[in-house]
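Here's a quick look at a few spots in this structure. Have the model open alongside and follow along.

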Amino acid sequence: MKNNNSFIKVINTRKYKDINLYLRFSIEYKPLMKEKIALLCKLIGDVSNKYPTKLEMTRAKDMLYGISLASSYKARANILTLSLHYSFINPKFVDATIDEYNDFIKETLYNSIINEATLAEAKRTIKYAALRKIDKPQAKSTERFIEIVSKDNPEFAIYSEGDKFIKNIDKIKLEDIKQTYRTIINNCQLNIYLCGDIENNDINKLTTFSFNNRNLVNLKTKKITGKPKKTIIDKSDISQTYLSMVYTTPFNKNHSDYFAWFMGNALLGVVPTSLLFAQIREKMSLCYAITSYDYKNEGLIRIITSIDAKNKDKTIKEIENQINRLATCDYEPELLDTAKALICNTLIGTYDDLDALVDYYYESSLSKFNYSIEEYCENVSKVSVKDIAKVYKKYKHYFNYALLGTKDE
């Protein structure tokens, strides 16, 4: 493992009365690991040896002026991340000490109770949330998109939380989850972000985690491959149609043309002044919403929109027209300037959003994308209309998918 300091970042700020400790545990993806991490999100800090009931845990938090723990997980290419976020009022403002906060953090982190009862409750919670999510048409459309890509690229299934994910939750045994808990806490790569107005002595107390015997992860960019497919259609008794147009590209964060690709996608369908929004939503009124999402580690582009079923073919043609405009420089350069300004304003605004700032630092560290926010903006500002055209000439159409609404037929 590298020196501890390589995995600890302190963000000194007096903007907030709170101190925030972010712990990011990273592990390579393998079968059932995502399901285990999802369960651990519900188990860690729920109850512990010292606070064996939810009532006692709540009282302990109240005694520390509402210290909180938020947990989440995320998939990136071949890496799964378990995120734990502790937030508490700076002892300068209340009658509590760093030692008391630190004791609570270590208790909930290392001594969470995982038994048959707590595991069963976590399974119910995860499955119920997943079922509710995929019952929504937009999420169902996303799961189908992931399924189609995964048939050609099995590793893309890391992004799925559909039927298989739900069924796999029941496969997790108590000893499996206990072992994963030990592995995550003690052996996985750990990135620490500590934010607030903190003295050096307190920083040392809050970052006393073992960095020995931890396994480094290596984020792998994976080029999506697959033969072009005919439009795939599923029908559903819903009022709207959810259309996805999917393109493969050779780009990712490590590519020399990354910033041109990034800005091209922003101009296509991310910023409020995007070509897709201005032309298809505002001018032609073909859709209710439209955006272009990039998978930065895979070079995949998914354009997503919700439309009336009767507008499907017309919308597909118009989206193709907007992509062609970018490839042929057929738009006013001022549109690119506006998109740059919007993107950079958003990036600079990250400094006022701790969650977003930590995400930026962590993503950069994980992908070895070593640009400060200011450097990122500088590179964005250098992108030209011709740079974007060069990028878009390398786009390859992969497939279209439509969850076709039949309710009004």
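L80 sits in strand β4, which spans residues 79–89. Bear in mind that this is a predicted model. Is L80 buried or exposed? With a relative accessible area of 2%, L80 counts as buried, because the cut-off for that is under 20%. For a sense of distance, T180 is 100 residues away from L80 in sequence, yet their C-alpha atoms are 13 Å apart.

Now to a pair of helices, α10 (residues 275–283) and α11. Their axes come within 10 Å and cross at roughly 150 degrees, and that makes α10 roughly antiparallel to α11. The crossing itself is right-handed. Here's who meets whom:

| Helix | Residues in the contact |
|---|---|
| α10 | L275, L276, Q279, I280 |
| α11 | T315, E318, I319, Q322, R325, L326 |

Sorted by class, that contact has 5 nonpolar, 3 polar and 2 charged residues.

Last stop is helix α15, residues 385–392. Which of its residues are buried? They are V385, I388, A389, V391 and Y392. These residues cover an arc of only 160 degrees around the axis, so they lie on the same side of α15. And what covers them?

Technical notes:
Residues numbered from 1 in each chain as written. Predicted model: local features only at pLDDT ≥ 70, side-chain atom pairs only at ≥ 80, totals over all residues. Heavy atoms only, no water. Buried < 20%, exposed > 50% of the residue type's maximum accessible area, 1.4 Å probe, protein only. Helix = DSSP H or I, 4+ residues; strand = E, 2+ residues; numbered from the N terminus. Arc of directions from axis to C-beta. Axes fitted to C-alpha atoms, helices over the stretch in contact; angles between N-to-C directions. Parallel < 35°, antiparallel > 145°, perpendicular 65-115°, else oblique. Left-handed = near helix turned anticlockwise from the far one by under 90°. Contact = heavy atoms within 4.5 Å. Nonpolar A, V, L, I, M, F, W, Y, C, P; charged D, E, K, R; others polar.
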